[in-house]
Amino acid sequence: GIPCVTISDQELANRIKSQGAELGFSLVGITAAARPETLEYFQDWLQQGYQGEMNYLKRREDAYADQTGVMHGVCSIVVVAMNYGPGRPAIPGHGRVAAYAQGTADYHDLMRTRLKKLAAVIRESRPESHSRVTVDTAPLLERDLAKRAGLGWFGKNTMLINKHAGSYFFLGGILTDTPLPPDPPHFSSHCGTCTRCLDACPTDAFVGPHVLDARKCIAYLTIELRGEPIPRELRAGVQDWIFGCDVCQQVCPWNRKATPALEPQLQPIQATHRSALEFLELDEQTFRSELGKTPLSRPGAANMARNAAIVLGNSKQSEAVPALSRTLNHSDPVVRATVAWALGEIGTAAARVSLMERLSVELDESVREEIQAALAELSGKLGT
Ligand code: SF4
Ligand code: SF4
């Protein structure tokens, strides 16, 4: 065969970085595989139960300590960031979708494809080596790795922040058994005395700086909490967020000059730009064909209808009453219960008629309770 020209570890590292930039990664860094420095914080966080229904985190708790469980023989980790921000401007009363989810692509697929191309750069000069690409799904503390690879610091909003790229980015990695020279860790932090993110959070989800109670976070409530109602006391705080939330990133000064998304697949598209009213009544088939490949498919059509009902209830638009009344017949009891709440919030006479009609045929006990609570709310508003 042709003898391969060996290049030094440093040359290979440089090549990975320049290729990474060409593949659309705004940041590329390298760190050595090692026990995460912030593992104890993560374990404390789990201990407090802040992960809510995201049971997979707790279930794999021990796996986060040792990256060789993710890839046997891992020696170095290449960490990359791809910018998705800043998203389209909000339209009042329309319903907002988090910036990362406004495009066509599922970012897992997009990142994985690009990471495989980057891993090929390693294989070309180290044919004997093995690599594994990861985006989100493996038990790795990605932010810990990113900080160690020099990509940025942990903001008080728990996001990884870079002075130039901001925080609107996805993180991904390549685990490899090839030794690569590590970059210096990002030791400094640049939040200073700022507390904007903590002050701006609509549901008061921060226990303190750097500690997020995911159970209260809108991103968790609208995406991860599926098949159950959003707790009553948190519904008003969801405001007009129909999927995810960007508030603690929008207010961060480091995002003012953040690198914008360059990737065509991450640019906002019309299909994700539906109003809350449209999401409320979007049928399963249209949802799947138009949004099946976007991150919105994670909660799915029924949970998006539930979220839409929250947004409409919060917006108090009486024009939404006919559509909400129709949706009182939805097959999913969680949707019916949330719609009942929304009708109570809007509080017109027509809303009351629809709630009474539904109550006369509703069999699900939890939905009946929501309808009764909405009617009680209404009699306060309308007078009985
Ligand atoms: Fe609060 Fe929104 Fe940030 Fe969640 S994403 S912590 S709800 S500001
Ligand atoms: Fe840090 Fe302020 Fe940004 Fe929060 S808003 S992450 S405190 S710089």
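User: In this predicted model, which residues are around ligand 2?

Analyst: The residues around ligand 2 are Gly-155, Lys-156, Asn-157 and Ile-161, then Cys-191, Cys-194, Arg-196 and Cys-197, and finally Cys-252, Pro-253 and Trp-254. Sorted by class, this shell around ligand 2 holds 7 nonpolar, 2 polar and 2 charged residues.

User: How should I read a nonpolar core, and which residues of the largest one touch the most other members?

Analyst: The general idea is that in soluble globular proteins nonpolar side chains tend to be buried together. Here the largest nonpolar core has 69 residues, of which Ile-242, Phe-279, Leu-296, Leu-324 and Leu-355 touch the most other members. Apart from this core lies another one, of 30 residues, including Leu-23, Val-121, Tyr-168 and Leu-266.

User: What is Leu-296 in contact with, leaving aside its neighbours within four places in sequence?

Analyst: With those neighbours left aside, Leu-296 is in contact with Val-97, Ala-101, Phe-243, Phe-279, Phe-287, Leu-291 and Met-304.

User: Turning to pockets, what is the volume of the second largest pocket, and which of its lining residues are the closest to its centre?

Analyst: The general idea is that rolling a probe the size of a water molecule over the atoms shows where empty space is left. In this model the second largest pocket has a volume of about 170 Å³. Of the 18 residues that line the second largest pocket, Arg-88, Ala-90, Arg-96, Val-97 and Gln-102 are the closest to its centre, and by class the lining has 7 nonpolar, 7 polar and 4 charged residues.

User: Is Leu-234 buried or exposed, and what does Leu-234 touch?

Analyst: Leu-234, which lies in helix α8 (residues 232-235), counts as buried because its relative accessibility is 10%. Not counting residues up to four places away in sequence, Leu-234 touches Thr-203, Arg-215, Lys-216 and Leu-221; Leu-221 and Leu-234 are 13 residues apart in sequence, with their C-alpha atoms 8.9 Å apart in space.

User: And Ser-325, buried or exposed?

Analyst: Ser-325 has its place in helix α13 (residues 321-327) and is buried, with a relative accessible area of 17%. Residues up to four places away in sequence not being counted, Ser-325 touches Leu-343 and Ser-354.

Conventions:
Residues numbered from 1 in each chain as written. Chains lettered and ligands numbered in written order. Predicted model: local features only at pLDDT ≥ 70, side-chain atom pairs only at ≥ 80, totals over all residues. Heavy atoms only, no water. Near = heavy atom within 4 Å. Nonpolar A, V, L, I, M, F, W, Y, C, P; charged D, E, K, R; others polar. Core = buried A, V, L, I, M, F, W, Y, C linked by side-chain atoms within 4.5 Å. Buried < 20%, exposed > 50% of the residue type's maximum accessible area, 1.4 Å probe, protein only. Contact = heavy atoms within 4.5 Å. 1 Å grid on protein atoms, 1.4 Å probe; cavity = no way out; pocket = protein on both sides within 12 Å on 5 of 7 lines; lining within 4 Å. Points joined across faces, edges and corners; volume = space filled by probe spheres on them. Helix = DSSP H or I, 4+ residues; strand = E, 2+ residues; numbered from the N terminus.
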